[in-house]
Structure formats: C-alpha cells, structure tokens
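Visitor: I would like to learn how to read a protein structure. Could we take it one feature at a time?

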Amino acid sequence: MVHAVTVATCALNQWALDFEGNLERILRSIDIARSKGARYRLGPELEICGYGCSDHYYESDTLLHSFQVLEKLLKSPATQDIICDVGMPVLHRNVRYNCRVIFLNKKILLIRPKTSLANAGNYRELRWFTPWSKARHVEEYFLPRIIQEVTGQETVPFGDAVLATKDTCLGTEICEELWAPNSPHIEMGLDGVEIFTNSSGSHHVLRKAHARVDLVNSATAKNGGIYILANQKGCDGDRLYYDGCAMISMNGETVAQGSQFSLDDVEVLVATLDLEDVRSYRAEISSRNLAASKVNPYPRVKVDFALSCPDDVAVPTCMPIQWKHHSPEEEISLGPACWLWDYLRRSKQAGFFLPLSGGIDSSATACIVYSMCHQVCLAVKNGNADVLADARRIVNDETYIPENPREFCKRVFTTCYMASENSSQDTCNRAKLLAEQIGSYHINLNIDAAVKAVVGIFSAVTGRTPQFSVCGGSSRESLALQNVQARIRMVLAYLFAQLTLWARGMPGGLLVLGSANVDESLCGYLTKYDCSSADINPIGGISKTDLKNFIQYCLENFQLTALSSIMSAPPTAELEPLVDGQVAQTDEADMGMTYAELSIYGKLRKIAKAGPYSMFCKLINMWKDICTPREVASKVKHFFRMYSVNRHKMTTLTPSYHAENYSPDDNRFDLRPFLYNTSWSWQFRCIDKQVSKLEKKEGISVVEDVD
C-alpha cells in the first residue's frame, strides 16, 4: 500500500518591506512547486514582509501591507489546488505574533503563531513579537475585511493546532522551535503528525550549516516522520546573509538538499515520499509507541484535501542522499560574495571601490569581489535572467553579457594603492599584480602631499612639528602622524569612489569596501575613521586565521599567483618610516599579541562569556604547556586593556558581513559599554591573587604584582 505525497519547500531571497518583490518571488515559488506536482508548498519565515523589518514591525503599515499581499495570494490562480504555507506578522487581540498562515483554494485553514522566539545573538524577536504560550489551544481570529471578501470567512482558527488531511497529518514549527530543548515536533510526532514543517530565517555563520542539518535529521531519527525546512536566503537589508539550505528529511536521513549560496532569488525543492515508510519506521519503535499512547492530543483542523494521489503505486519516491558541506574557505568565497551582489544590485550603485594595500585583509576582500564576479558569470551561463538584468543595469549596457569574470571585474571593481613615504615597493608591486590578475581597474596614487598639508596646518597654528618615534618623537606624536595618514586614505577613498566613474565618462558611483578583520576590531587595532570606515565590509566578521586559509584557497582555485607573496609577507600597517628601505612595523608587534591568540581571546570573551578572571582560569589550563600562570595573567590583562581602551571604535564600525560568533559588532550582536574603567582593578586583583596561590603551590617566590 503506497501513499506517495509530493511536497515542496523553498529558499527565497526576500527583502525587508519589498512587498511587491516578495509577492512576485512567493508566486514564482508556488508556480514551480505546482509544475512539479507538489500538493503542499512551504516558504521561509515572515516571507511576505521580509524577516529583517526590525522596528518596522511596530508600524500598522507593515501589518496592513502584509494582509494586502495575502489577499493577492488568495486570489491568484497559482495558489489553487495546493496547500500554501506563508509567513507574516499578525495582530491578534492587540498582541503581535510571528505567524504562519496556511490556506487552500481561497480558504484560510489555520493561523499558527510562533511559540518560541529567537532572542539571542543577532535576533531580537521578543522586541517585536510575543510567543504563543497556550499549548494545544485554539481561538477564533477575526479576519480583516479585505480577506473576508475573498475567503467568505469571518473567523478562522488561531493557535497551536495541526492539519489533518484525508491521508496524513501536518504540524508546524517556526525556526527557533527546532532549536528549543522542548521542540513541538516531539509531541506532535507522538500524536500522529507525520509531516513536520519548519519556516526559518536562519543566517550564515562559518561552520554552522552542519548543526542545522543535524537538528533536522535528528528530529525524525528517533520519532520517524518527514521534516520539511524552508529558509530565507540573501541579504535582506543588513549585516546578515541568510544561507538557504532548504531541505527535506525522512526518518533521520536527508532526501533533498538546497544550495547554501547562490544568486537565484527563488529556489524550490520538491520531493515525493511514501507515508507508509514513516508508518513502518514508527511501528517497530516500542518506546515511541508507549509514549504516544499517553500523549495529550493536539487540536486538529480537518482539511478536505489529500497530499497523495489515488493511483500512486508507480510514482517513484526520493531516496536518501549524503549532505554536501562546504569547507570554511568555500563558505568565505561564496557567502560574502553573494551578500555583496545583493547589496550592490539593491543599492543601485555601479560597483565597488577598495583601497588595496597589498596585505592579506584587503587582498582577501578583493578576492571576494572576484568570486562575486565568478558567481555572476556562472549564474548568467546557467540562464538566470534576473542576474543578467541586474548586471546590465549596473554596467549601464542593455546588451552586455558577463561571460568572463576578469572582464566583468574591470567594469564593477576599482582598486587603489595609496602610497606614502612609509610604503614599501613590495606592497605596491603586490597590489598591482593582484589587480592585474583579477582584472580590476587599478589606480596608484601618493598621499604625501595631503599628509604634509594637514600636518602643516597643525604646525602653523601651534608652532610645533610632530615627529615619528624613530626620529625622536614621543609615542603620542608618532601615533597622531600614523592616524593622519590612515584618515586621509579614508577621505580619498570616498572622493575617488564618488568621482572616478565621472572622470572616466561613466555614470554612477561606487560603494567603498572596508577590510578590517574581526580580530583587529576586537582589540581595536585600527584607526577610527580610517579605511576601515567604509560603506560595507565583507571580511569584518572573519578571523585572520580563516582569511589566511581563504587566501591559500584562492591561490589554488583561482590561480591568483600574486597571492603567494602576499601570504608570505608579515602583516603591517606601513604607517611608520621604513628602515633601510624595509618595513620595520608589524601588526603583531604593535598589538603585543598574535592573531592566533586574539581568536582565542575573542571566543572566550563572547562565546564562553568569560571576563578577565574566568579567561585567566581557562587559559592557565589551555596554555599550561607553553605559558606560566604569570605569563598567562600578563597576556589576559594586556588583551582586556587593549579591548576596553578601544571599545569606543566599535560604535562606528563599518557594517560587516556576520560570519563569526565572537564578532564585536556593537550594533546589535555584542552589546557592551564603550566607556570602561580600563584599569579593571578588582578583576585584575583576583587574577593576581590566583597567580600568587599557584606560585606558592609550585614553590616559586611570589612577586607583588603580575605586571
């Protein structure tokens, strides 16, 4: 006995408040699902308005326009004879809920509010929504008049219920509910729900995809069932990139996998599965059946519709597949590249401008833009008409076809080496060679005249001329002179971004790209309002260690031989005078810590929630073979001094692609003070006492202060 059901899920590149575009993409996904024989279609979380509306959720306009889109969907011929499951905010009894609206043939079957809200990291759902706390309870929802006129319904069920079709039972989860320790699918499955659906707004973090896949597969491994997950994809207006990965799983195994990164605005997965496989799988799990006999039942909304067809014996069903994960280097190559493309086309600018120093960070940023150009050419080759139309608009040529990444890069990417008297010929040559190999339009300029003019104004007013340390100046003078160079580069970057295309007789302006990595931001090793101050930064959430590995990946996969010398050169800001024509300044010496140490500090501070004392306690064990407790204490104190002194810089940090869970982004992810008592007197005293105890235990003579 076969009951083959055909279901569809999708990943949509929705955009916050783009109701017209969002509607078009939803309808397109439904059309594709129907054309492939699906009888049920699932979409991403809050897909009608776009997930990232933030405080716009407070506005009645957002609710109104969401219902107007729902009206269009209900009326559309595309939504006939297929159960459609869409996401939107709904106000019920003056309380705002994050909901799924499930409808069939112009009738709303159920409005299901979210029960567990995401409220950590980048998520602030409790700011805008209230979780539905009435388990297995359904109320009447009075529909707005514009919907009543279409459906002929005055009220519809609103609450925690499941759908009972002629042949199966479907239960809904919404994003965070899958991650909760008491996920609804557990008791739904015990109550006979065979198909679980999950509409997500889940963003990309390096090395995260496997966790989502494992959760989905484990949801049905113990309990049996079919699990369908939809997710948003793309940049919907802020720092996050939603990474698709729509999937369908049955009995603990993946049967359909969507792409994690692509330029396709609409991606639909369809799978045909046999419900009898679920039933036979569950039949032999005695512990599950014993628990099921005692479960508190869910309210069922009866639906006069079947997901299977009467003559389905010969219908082929999907078989399990092995999930293909990207390496972290591939994730860096693809995720930020797709994010940049979305930002470029939606901002309606003509390209990017990057100050290219010849170091790892700016070179990695350049490689991500080059990867974007690869993705655009590949998408056009595969017949993506949307990408082709966007590319033609960006380059202002209605007949243009991007076929060669280097040629496309020349049109949309300008790089600039800004030399000073402190710059080496090596970095100049490295920047020039990399620009040639990726195809960017490259500019060489010298900033010395501008630096001397600015310093000259100061000298004319004060009668004093600051000097670098190597020339006898104080550290204050030296730092000020370094900052002048860095800030002039920022001013010139914006000038050239606005007028370079004008000077070349071309329309439009360029977006300025920043290239400060997550570790430099963490300890504040950057000048406030220097070239780290840009429009957007594709590497601001990526560690130096991962960027080095990414550079090696680009060297091997894009054959960019210029990266070889960039990899081997020590990172340097080149803001202090050269010594015998060679660079004497290095990043790690300036910071007083290595990039590898910075990554560890960052993860302990943010992910492990460690303050100075807790970090010290963890590191004396982690580093017991390489450092004494006194050395660990000194390192921890130095990091926290640097971090707290420079925390104010995070308030002006360029919006960056979020890729690491230890990002110091002050906007919404890492909420901390920016005026600290940088002496950390109480905390450091606790560390000193612990060091003294450890040294007494080891028989080492005690020194009063670790410093």
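Visitor: Which side chain does Lys-114 meet in a salt bridge?

Guide: The model is a predicted one. A salt bridge needs a side-chain nitrogen of Lys or Arg within 4 Å of a carboxyl oxygen of Asp or Glu. Here the side chain of Lys-114 meets that of Glu-45, at 2.7 Å from N to O. The two belong to distant parts of the chain, 69 residues apart. Lys-114 is in the loop between β5 and α3, and Glu-45 is in the loop between β2 and α2.

Visitor: Is Lys-114 buried or exposed?

Guide: A residue counts as buried under 20% relative accessible area. Lys-114 has 0%, so Lys-114 is buried. Glu-45 also has 0% and is buried.

Visitor: What other salt bridge does Lys-114 form?

Guide: Lys-114 forms one with Glu-125, with the closest N and O atoms 2.9 Å apart. Glu-125 lies in helix α3, so this pair ties the loop between β5 and α3 to that helix, across eleven residues of sequence. Glu-125 counts as buried because its relative accessibility is 1%.

Visitor: Which residue forms a salt bridge with Arg-112?

Guide: That is Glu-177, and the closest N and O atoms are 2.8 Å apart. Arg-112 is in strand β5 and Glu-177 in helix α5, so the pair ties together parts 65 residues apart in sequence. Both of these residues are buried.

Visitor: How many salt bridges does the count come to?

Guide: The count comes to 35. Salt bridges can share partners, as in the network that joins Asp-265, Asp-342, Arg-345, Asp-390 and Arg-393.

Visitor: Now the strands. How many bridges join β1 to β15?

Guide: In a regular strand, side chains alternate between the two faces of the sheet. As for this pair, nine bridges join β1, residues 4-12, to β15, and the two run antiparallel. To locate the pairing, find Thr-9, which stands opposite Leu-269 in β15. Strand β15 covers residues 266-274 and is mostly covered, with eight of its nine residues buried.

Visitor: Which strands form a hairpin with two residues between them?

Guide: Those are β13 and β14. They pair in the antiparallel sense over four bridges, β13 being residues 247-250 and β14 residues 253-257. Within this pairing, Ser-249 has Thr-254 of β14 as its bridge partner. In the turn, look for Asn-251, which has a positive phi of about 50 degrees.

Visitor: Last, the helices. At roughly what angle do α22 and α24 cross?

Guide: Two packed helices are described by the angle between their axes and the distance between the axes. For α22, residues 612-622, and α24, residues 681-698, the axes cross at roughly 30 degrees and come within 8 Å. Angles under 35 degrees count as roughly parallel, and α22 and α24 are therefore roughly parallel to each other. Helix α22 brings Pro-612, Tyr-613, Phe-616 and Ile-620 to the contact, while the residues from α24 include Phe-684, Ile-687 and Leu-694. By class, the contact has nine nonpolar, two polar and no charged residues.

Visitor: How do the axes of α11 and α14 cross, and within what distance do they come?

Guide: The axes of α11, residues 360-381, and α14, residues 425-438, cross at roughly 5 degrees and come within 11 Å. These helices are therefore roughly parallel to each other. Ser-363, Ala-366 and Tyr-370 of α11 make the contact with Leu-434, Gln-437 and Ile-438 of α14. Four residues of this contact are nonpolar, two are polar and none is charged.

Note on methods
Residues numbered from 1 in each chain as written. Predicted model: local features only at pLDDT ≥ 70, side-chain atom pairs only at ≥ 80, totals over all residues. Heavy atoms only, no water. Axes fitted to C-alpha atoms, helices over the stretch in contact; angles between N-to-C directions. Parallel < 35°, antiparallel > 145°, perpendicular 65-115°, else oblique. Contact = heavy atoms within 4.5 Å. Nonpolar A, V, L, I, M, F, W, Y, C, P; charged D, E, K, R; others polar. Buried < 20%, exposed > 50% of the residue type's maximum accessible area, 1.4 Å probe, protein only. Pairing = 2+ DSSP bridges.
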